[in-house]
Amino acid sequence: MPTSPLEIVRFPDPRLKKVSEPVAEITDEIRALAEEMCQVMYDEPGIGLAAPQVGHALRLFVIDTEWSEEGNDREPQVMINPEFLRREGSLVWEEGCLSVPDYTADVERAAAVTIRAMDLDGKEIIEEAEGLRAVCLQHEYDHLDGILFIDRISRLKRSLYVKKRKKQLAEEAEE
Ligand code: K2U
Ligand code: ZN
């Protein structure tokens, strides 16, 4: 059945704070959603996208940290019901988010992770990652627990962003 084009949910939409539900069964609808999420990710462009960011409170995200604008090397990975088996070390990375417009900040996360998930065929994936891919996996996983990168920065920095964002929304409403 035709689905409405996916829209990116933006802060301060309450849907971004919800804890998503596990995917009970990999249905054709789940496959279609994952496919559309990959398209939105490449269109934005981004290197990751979680289902709650497009209004679906499901424990599913897509990630592709290797692709380039030429578009010939796209290999998106769909991660269903992911969990971390290991998080080690520490690194700081300047993060942005497709759901948090016009803002970046340094975020501290684990430097190396091992993640276990299911792919679209229901096959178990266990993957080790470090650097940008480790950051992205943790960033997307946070979305499934209703956590944004701005929840991992200082209260002062977060409050300054919230004030700026609410002013931006008020000005847009007046236009
Ligand atoms: O979840 C999202 O909003 C996509 C995020 C994923 C991400 C954020 C910070 C660091 C790593 C991954 C980004 O908006 S995707 C945009 C982007 C593109 C290239 C490099 C870093 C972030
Ligand atoms: Zn994000």
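User: How much space lies in the largest pocket?

Analyst: Here is the general idea: rolling a probe the size of a water molecule over the atoms shows where empty space is left. In this predicted model, the largest pocket holds about 250 Å³ of space.

User: Which residues lie nearest the centre of that pocket?

Analyst: Ile47, Gly96, Cys97, His139 and Glu140 do, out of a lining of 16 residues. Two elements, strand 4 (91-97) and helix 2 (131-144), each give two or more residues to this lining. Helix 2 provides the largest share, with six residues. Sorted by class, the lining has seven nonpolar, six polar and three charged residues.

User: Thanks! Now the sheet: in what order do the strands come, and is the pairing parallel or antiparallel?

Analyst: In general, strands of a sheet pair through backbone hydrogen bonds, either parallel or antiparallel. Here five strands make an open sheet in the order 1-2-3-6-7, with antiparallel pairing. Strand 1 (48-50) and strand 7 (124-130) are the edge strands, each pairing on one side only. On average, neighbouring strands are turned by 40 degrees against each other, direction ignored.

User: How many bridges join strand 6 to strand 7?

Analyst: Seven bridges link strand 6 (residues 112-118) with strand 7. As an example to find on screen, Val113 has Ala129 of strand 7 as its bridge partner.

User: And which strands does helix 1 touch?

Analyst: Helix 1 (residues 28-43) packs on the sheet and touches strand 1, strand 2 (60-63) and strand 3 (77-88), its direction making about 40 degrees with that of strand 2. Helix 2, for its part, lies across strands 1, 2, 3, 6 and 7 and runs at about 110 degrees to strand 3.

Terms used. Residues numbered from 1 in each chain as written. Chains lettered and ligands numbered in written order. Predicted model: local features only at pLDDT ≥ 70, side-chain atom pairs only at ≥ 80, totals over all residues. Heavy atoms only, no water. 1 Å grid on protein atoms, 1.4 Å probe; cavity = no way out; pocket = protein on both sides within 12 Å on 5 of 7 lines; lining within 4 Å. Points joined across faces, edges and corners; volume = space filled by probe spheres on them. Helix = DSSP H or I, 4+ residues; strand = E, 2+ residues; numbered from the N terminus. Nonpolar A, V, L, I, M, F, W, Y, C, P; charged D, E, K, R; others polar. Pairing = 2+ DSSP bridges. Axes fitted to C-alpha atoms, helices over the stretch in contact; angles between N-to-C directions. Contact = heavy atoms within 4.5 Å.
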